[in-house]
Amino acid sequence: MSRSQDSGRPVGTIAVWGTFDLDNFGDHLFPRVTEQEILSRLDGWRVRPFSPYGSEHPCRMDGGYVAESLGDWSPLRAEELSEAADLTLIGGGEIIHFKDELLASAYEATPEQLASRAPSRFFVDGLGADFEQTHPVVWNAVGIPFVPSPEQAGMINDAVTRREYVAVRDPLSLERLRACGVERDVAIVPDLGFLLDRLVAPELLEERLRYLKFMEWYPSDRPALIVQANRSAVPQAGELARILEWAQDGTVQADIVLLETGPCHGDDLFADALQKQLSGRTVYRLPGGLPPEDILAALWGSCGVIAMSFHATIAAYVYGKPWVILDLFDQSKLRALAETLGAPDQRGVDGDTVSNAIRVAFSRPPDRAGLPELQRQIDEHFDRVAEIAFRSWQERGGDPAARIAELTRQSRLLRQAYQRTRQRQAVERLVLVDRNEELRAEQDQLRAEREQLRVERDQLRAAHDKMVVELARLRHDAGEYQALQDTKLVRWSEPLRSAYGKIRRSDS
């Protein structure tokens, strides 16, 4: 019997597949949001992220949240992955396609190497028809960015047909599924980024923001205007710089902060180009490769966001900040996002519309009226996922009684750890009190020494003033004496005074 079928398993496991091993802000949000939502419904469960390369492709933005490697697709690997979890979630993000070569530069690999690893085989076909009979696979609000070929459409249709539940993130993706011949019900679930206000607590965002300011990457005493785009916008850097200067002089009184949400997309190249064009302005720049928590803090603390990034825009909306979408190449997903957020006029496709979008976005209060409904739809999605996962866990040998016992054991251990932490804190508090008393005594001594130095300083200053007065008197007397020496009477009487002096000396 495999480990996944062991009847003594107290908790279940959910695997999450996606491109979480790339330096891209949105990709690192999906596993974090998914884990948070799963654990809020299935307490104590494990969530294991998997990516095409995982730890084989070190990533600056993961913040220590490292995915495991999917490896090369094979029936043996599919069997291993099916035994590693009770349910597999694929996504989010626009990963349902067959253009693996587009990921080559991001993974610093050749197109041939990506074709061999075939991430599209994992993301579309999942575990394959054989293993998915006993292991449910769910698309986790994914996007379908390209129209598939007839052969690819057949593979997509087969994968969707055999699954109990499928969720895509937008109507366009559903249209492309219908074009593949999919007739069954498919859920449209908003992007998982709309739950970002649950991901990081405000006090942690505040702490992260203080760090950014301390490092002088972010203005400490002025509002911050976040600006982001990728390498595709480098040719427009000059025009965007002029628009931003116009905005700073009128609509937006803030310092510009350049943000990189996609180092793998060349965000640094755009930041370099724009910073050069803004040489006469105060410009801050956040380093590339910051973890999602720092990026969220920068967005949360800003006065507004002008960005090409899909998820930077969503974060601005969720946090109630003015936002402008830089859609300089008329992307369907950005057009749909602006409509979803209820403000298509805050999307700019050229200089004139970008200027108008800035004027509109920063002249009216941000509107988050649609957020509760978007979050409700995502909650329904995760409720359904949790239901399927729990049922799969039971069918594969999971024991609810053992789960309750395990949770009780974990609770007891947590209480013990809490007690020990309190004891350690009590000892540390005593040490801090003693040290505080020592510092207070040192402070009093320093204060007394400072007072003594002040008295001595005043005495020296009085002596100095007295010497200055005495010196002035001596200078005055010397002047008077010299003036007397220069009179005619003194000069003419010099021979007589000299003779008189000789007579006095001879008499003596």
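The dialogue below takes up the cores, the aromatic pairs, the charges over rings and the strands.

Q: What kind of model is this, and how are its residues numbered?

A: This is a predicted model, in which local features need pLDDT of at least 70 and side-chain atom pairs count only at pLDDT 80 or more, while totals for chains, interfaces and linings use all residues. Residues are numbered from 1 along each chain as its sequence is written, and side-chain values use heavy atoms, with hydrogens and water left out.

Q: Which residues touch the most other members of the largest nonpolar core?

A: A nonpolar core is a set of buried Ala, Val, Leu, Ile, Met, Phe, Trp, Tyr and Cys residues joined through side-chain atoms within 4.5 Å. Buried means under 20% relative accessible area, exposed over 50%, and partly exposed in between (1.4 Å probe, protein chains only). Here the largest nonpolar core has 70 residues, and those touching the most other members are Ile 14, Phe 194, Tyr 218, Leu 286, Leu 296 and Leu 299. The element that gives the most to this core is helix H16 (residues 371-395), with 9 residues. Helices (H or I, at least four residues) and strands (E, at least two) are DSSP runs, numbered from the N terminus. A second, separate core has 29 residues, including Phe 50, Leu 70, Phe 98 and Leu 177.

Q: What does Ile 14 touch?

A: Contact means heavy atoms within 4.5 Å. Not counting residues up to four places away in sequence, Ile 14 touches a set of residues that includes Ile 38, Leu 42, Trp 45, Ala 85, Leu 87 and Ala 389.

Q: How many aromatic pairs are there?

A: A pair of aromatic rings is described by the distance of the centres and the angle of the planes. Rings of Phe, Tyr and Trp (its six-membered ring) pair if their centres lie within 6.5 Å; planes under 30 degrees apart count as stacked, over 60 as edge-to-face and the rest as tilted. By this rule the count is 6 aromatic pairs. One of them joins Phe 194 and Tyr 317, whose ring centres are 6.1 Å apart with planes at 90°, so the pair is edge-to-face. Phe 194 lies in the loop between strand S7 (187-188) and helix H8 (196-199), and Tyr 317 in helix H13 (residues 310-318), so the pair ties together parts that are 123 residues apart in sequence.

Q: Are Phe 194 and Tyr 317 buried or exposed?

A: Phe 194 is buried, with a relative accessible area of 2%, and Tyr 317 is buried at 3%. Tyr 211 and Trp 217 also form an edge-to-face pair, at 5.7 Å centre to centre and 90° between the planes. Of these two, Tyr 211 is partly exposed at 38%, whereas Trp 217 counts as buried at 19%. Elsewhere, ring pairs link Trp 45, Phe 390 and Trp 393 into a cluster.

Q: Which residues lie over the faces of Phe 146 and Tyr 53?

A: A charge sits over a ring if NZ of Lys or CZ of Arg is within 6 Å of the ring centre and within 35 degrees of the ring normal. Lys 99 lies over the face of Phe 146, at 5.2 Å from the ring centre, and Arg 117 lies over that of Tyr 53, at 4.4 Å.

Q: Why is strand S5 described as largely enclosed by the rest of the structure?

A: In strand S5 (residues 137-142), 6 of the 6 residues are buried, so the strand is largely enclosed.

Q: Which strands pair with S5?

A: Two strands pair if DSSP finds at least two bridges between them. Strand S4 (residues 87-90) pairs with S5 in the parallel sense over 3 bridges, and Ile 90 stands opposite Trp 139 in S5. Strand S6 (residues 166-168) also pairs with S5 in the parallel sense over 3 bridges; Asn 140 has Ala 167 in S6 as its bridge partner.

Q: In what order do the strands of the open sheet lie?

A: The 6 strands of this open sheet follow the order S10-S9-S8-S11-S12-S13, with parallel pairing. Strand S10 (283-285) and strand S13 (347-348) are the edge strands, each pairing on one side only. Strand S12 (residues 323-326) runs parallel to S13, joined by 2 bridges, and Ile 325 stands opposite Arg 347 in S13.

Q: Where is Leu 341, and what is in contact with this residue?

A: Leu 341 is in the loop between helix H14 (332-340) and S13, and counts as buried at 6% relative accessibility. Leaving aside neighbours within four places in sequence, Leu 341 is in contact with Phe 194, Thr 313, Tyr 317 and Trp 323.
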